[in-house]
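I have kept each point to one region or one kind of contact, with the cut-offs given where a term first comes up.

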Amino acid sequence: MTQPINVVVPTRERADTLLHCLRTIVAQDCDRLAIWVSDNASSPATREVVDSFADPRINYVNTGERLSMSHNYEFALSHIDKGWIVMVGDDDEIATLSRAFNRMTHQLSSQRSELVEANRQLDRRRRFTEAV
């Protein structure tokens, strides 16, 4: 099964920068992309920016109350149950990374079985070392 690539964007009262950030993310050519905007109890402008995209890949979650930055990150992560995770600041862009992003996802997909086997070998070695 192909795992989704979850791009998480925690935000708080920065609808203007979020707009640009989301533009660069939705422009990515990746069919496994899931975008998560974690709104840290901002004004309605943040939700309006998210809704303006009408993109089914965008998931909007709201903390309901002001949290610290790290708690907002954790809140966002609590909504993801599978796949890879990329954290992006609401004032960042990934448009210039699209080629590398797509190459990375292709390599991960093509080498999945090798990565899983390498992880199994490391786990066996760790268990052996702990037993000795």
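**Notes on the model**

1. Thr63 is buried, with a relative accessible area of 13%, where buried means under 20% relative accessible area, exposed means over 50%, and partly exposed lies in between, as found with a 1.4 Å probe on protein chains only. Thr63 is placed in the loop between β3 and α3; helices (H or I, at least four residues) and strands (E, at least two) are DSSP runs, numbered from the N terminus. A polar atom of the Thr63 side chain lies 3.3 Å from the backbone nitrogen of Ala41. Leaving out residues up to four places away in sequence, Thr63 touches Ser38, Asp39, Asn40, Ala41, Asn72 and Phe75, contact being taken as heavy atoms within 4.5 Å.

2. Before going on, please keep in mind that this is a predicted model, in which local features need pLDDT of at least 70 and side-chain atom pairs count only at pLDDT 80 or more, while totals for chains, interfaces and linings use all residues. Residues are numbered from 1 along each chain as its sequence is written, and side-chain values use heavy atoms, with hydrogens and water left out.

3. What do the buried residues of α1 pack against? They pack against β1, β2 (33-39), α2 and β3, and the buried residues themselves are Ala15, Leu18, Cys21, Leu22, Thr24, Ile25 and Val26. The length of α1 also agrees with expectation, because its twelve residues at 1.5 Å a residue should span 16 Å and its end C-alpha atoms are 16 Å apart; the expected span is 1.5 Å times one less than the number of residues.

4. The largest nonpolar core has 19 residues, of which Val9, Leu18, Leu22, Ile25, Leu33, Ile35 and Ile58 touch the most other members. The elements that give two or more residues to this core are β1, α1, β2 and α2, and the largest share, six residues, comes from α1. Apart from this core lies another, of six residues, among them Val8, Ala34, Trp36 and Ala76. A nonpolar core is here a set of buried Ala, Val, Leu, Ile, Met, Phe, Trp, Tyr and Cys residues joined through side-chain atoms within 4.5 Å. As background, nonpolar side chains tend to be buried together in soluble globular proteins.

5. The structure holds ten salt bridges, each being a side-chain nitrogen of Lys or Arg within 4 Å of a carboxyl oxygen of Asp or Glu. One of them joins Arg66 to Glu13, with the closest N and O atoms 2.8 Å apart. This pair links distant parts of the chain, since Arg66 is in the loop between β3 (58-62) and α3 (69-77) and Glu13 is in the loop between β1 (5-11) and α1 (15-26), 53 residues apart. Arg66 counts as partly exposed at 41% relative accessibility, and Glu13 counts as partly exposed at 39%.

6. Asp51 and Arg47 form a salt bridge in which the closest N and O atoms are 3.1 Å apart. How are these two residues placed in helix α2 (residues 44-53)? Asp51 and Arg47 are four residues apart there, and so are separated by about one helical turn. Asp51 is partly exposed, with a relative accessible area of 44%, and Arg47 is partly exposed at 39%.

7. Arg57 forms a salt bridge with Asp55, the closest N and O atoms being 2.8 Å apart. Asp55 counts as buried at 16% relative accessibility, whereas Arg57 counts as partly exposed at 23%. Elsewhere, salt bridges that share partners join Asp123, Arg126, Arg127 and Glu130 into one network.

8. Two backbone angles deserve a look. Glu13, in the loop between β1 and α1, has a phi near 55 degrees, a positive value in a residue other than glycine. Ala54, in the loop between α2 and β3, has a positive phi of about 45 degrees although it is not a glycine, and Ala54 is exposed, with a relative accessible area of 68%.

9. A last point concerns Ala131, which is placed in helix α5 (residues 112-131). Ala131 is exposed, with a relative accessible area of 67%. From C-alpha to C-alpha, Ala131 and Arg103 are 40 Å apart in space and 28 residues apart in sequence.

Definitions and conventions: Polar contact = N/O pair within 3.5 Å; in protein donor to acceptor, adjacent residues only side chain to side chain.
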